[in-house]
Amino acid sequence: MFTIRCPYCGERDQSEFSNGGEAHVARPKDPEQINDREWSEYVFIRANPKGIYYERWVHTHGCKKWFNAVRNTSTDEILKVYKMGETPPPLKEFKNTIKTPSGEPDVGSGNFSVKKP
Amino acid sequence: MKKKYSIFSLVKNSLSDNQNWKKMWRNPDPRKFYDVIIVGGGGHGLGTAYYLAKEHGLKNIAVIEKGWLGGGNTGRNTTIIRSNYLWDESAHLYEHSLKLWENLSSELNYNIMFSQRGVLNLAHNEHDVKEIRRRVSANKLNGIDSEWVDPNQIKKLVPIMNTENCRYPVLGASYQPRAGVARHDAVAWGYAMRADELGVDIIQNCEVKKIRTAKGKVQGVETSKGFIRSNRVGVVASGHTSVLAATAGIKLPLQSKALQALVSEPIKPVINTVVMSNAVHAYVSQSDKGELVIGAGTDGYNSYTQRGGYNIIEDTIRAIVELYPIFGKMKMLRQWGGIVDITPDASPILSKCEVEGLYFNCGWGTGGFKATPGSANVFAHTIAKNKAHKINAPFSVDRFVSGRLVDEHGAAAVAH
């Protein structure tokens, strides 16, 4: 459980929002040209990283507007929130705290809450 | 040496204050090469190693686990076992599993406390009624003991349920008498012990960091205890499967989310079956210790934090209290979360992939425990023969290309 800073309404409880999955998934440019495997990637396969994740949220119980966020999925820490249409911040702007594929970050892993050292 | 448990061994060991029980499995250092490496020491992984050794005669097998055995979702689920799934493909898979469950304690000579106390899946509206009646009929055609029960029959089975004076009254349910619960830790331990006896190396506290591949073939795994070579690697890592697959350059249609469960303080026996409700999202059973075991839904966003949001528990508890007003004053003792890997069609992936010698057993999402023996059994077959068993052939990862999905969102019973 965490709070999200809606770019229109300010900081609210996460339960007011709904998640829209991975952000910046582009529809294939020439749909009639691509094969079944490429369609399958577009329809079914989404990023699922442990670490930095670009995703969409909608403020369902608020302004009902969509926006993007960058979140660390191993700590649920929201690192950046930006409006639809804005350029996504580059990955190198964020420090990935994950040391090994299934490893835990220094803070906020497992059953412990996110806390600053 | 085969460890036998019986009334005599209990008496014998009690005479020496239970100090002389043998260790259930060895704690070996990894060898340089294995015929098969299983990544993940939960029920499915240990079971796979057991069936590989027992039914397919493979000798040189390792199970590599980053923590301790059964410390992931095997030890975090609500232990419900049933096979009342809609489609033929799933019905065959889960029924295969249920048949193995029925004989598992004696096969392993280890009491997994399998208790066939039945399961009710409640209907709260017209659509539920139609969907569940359809599922009951489909189950019957597949030889699964499923039946439709009306509110009066439900009242007889679960007298404490409030079926009428609530926002979503109970209009009926499907009932599968052969369904039930089992002790989840014992499943992992039983499989581990018997696999170990058959020569399987169980390597704990060893994390797989990378699956090494070359020219489209698997070479082995890089672990925190060094590189281990193998031509066949089976990944059974539930919520972390995507992360491991990515190290071999493979993308799978999985999303990892937190799924929560909680238990109450122990009370006297009050509910002697498993009751699940998809619509109001509450499911509950009572453990042999007397605790209510309650399952909540998944969080609505991807996460690896193993905790989950409080609002999800609140929703579940609200539904529980409305269905069972008698539980209104009870205290909850523990709450926890596990990371489940969910596929787009809520059915698992038991499959080869484009890398030769690399196999995946994943995508069990919110309901993998019930499938443990069946999944392990057919996955062992897939690895040993390099070919899917006829039961798991429909659960290939290629179904997301062909479009032949096995949509079980209705029978999965957990909102996601």
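The crossing of α2(B) and α10(B) is right-handed, a crossing being right-handed if the near helix is turned clockwise from the far one by less than a right angle and left-handed if anticlockwise. In this predicted model, the axes of helix α2 (residues 43-55) of chain B and helix α10 (residues 372-385) of chain B cross at roughly 55° and come within 7 Å, which makes α2(B) oblique to α10(B). Angles under 35 degrees count as roughly parallel, over 145 as roughly antiparallel, 65 to 115 as roughly perpendicular and the rest as oblique; axes are lines fitted to C-alpha atoms, for helices over the stretch in contact, and angles run from 0 to 180 degrees between N-to-C directions. Helices (H or I, at least four residues) and strands (E, at least two) are DSSP runs, numbered from the N terminus.

On the α2(B) side, the residues in contact (heavy atoms within 4.5 Å) include Gly43(B), His44(B), Tyr51(B) and Glu55(B), and on the α10(B) side they include Thr372(B), Phe379(B) and Ile383(B). The residues of this contact divide into 8 nonpolar, 7 polar and 1 charged, where Ala, Val, Leu, Ile, Met, Phe, Trp, Tyr, Cys and Pro count as nonpolar, Asp, Glu, Lys and Arg as charged, and the others, Gly among them, as polar.

Helix α2(B) also packs with helix α7 (residues 184-197) of chain B, and these two are roughly parallel, passing in a left-handed crossing. Gly43(B), Leu46(B), Gly47(B), Tyr50(B) and Tyr51(B) of α2(B) meet Ala188(B), Tyr191(B), Ala192(B), Arg194(B) and Ala195(B) of α7(B), a set that divides into 7 nonpolar, 2 polar and 1 charged.

Helix α3 (residues 88-102) of chain B is another partner of α10(B), and the two are roughly perpendicular to each other. Leu93(B), His96(B), Ser97(B), Leu100(B) and Trp101(B) of α3(B) make this contact with Thr372(B), Pro373(B), Gly374(B), Asn377(B) and Val378(B) of α10(B), giving 5 nonpolar, 5 polar and no charged residues.

| Helix pair | Axis distance | Angle |
|---|---|---|
| α2(B) and α10(B) | within 7 Å | roughly 55° |
| α2(B) and α7(B) | 9 Å | about 30° |
| α3(B) and α10(B) | within 7 Å | roughly 110° |

Between the chains, Glu41(A) forms a salt bridge (a side-chain nitrogen of Lys or Arg within 4 Å of a carboxyl oxygen of Asp or Glu) with Lys251(B), the closest N and O atoms being 3.3 Å apart. The pair runs from helix α1 (residues 36-44) of chain A to the loop between α8 (241-247) and β14 (255-264) of chain B. Over all chains, a search of the whole structure finds 26 salt bridges.

As to confidence, the model scores ipTM 0.90 and pTM 0.94. Chain B averages a pLDDT (the predictor's confidence in each residue, from 0 to 100) of 94, with 99% of the residues scoring at least 70, while chain A has a mean of 86, and 83% of its residues reach 70 or more. Over residues 107-117 of chain A, pLDDT stays under 50, and the model has 24 contacts beyond four places in sequence for that stretch.

Residues are numbered from 1 along each chain as its sequence is written, and chains are lettered from A and ligands numbered from 1 in the order in which they are written. Local features need pLDDT of at least 70, side-chain atom pairs count only at pLDDT 80 or more, and totals for chains, interfaces and linings use all residues, while side-chain values use heavy atoms, with hydrogens and water left out.
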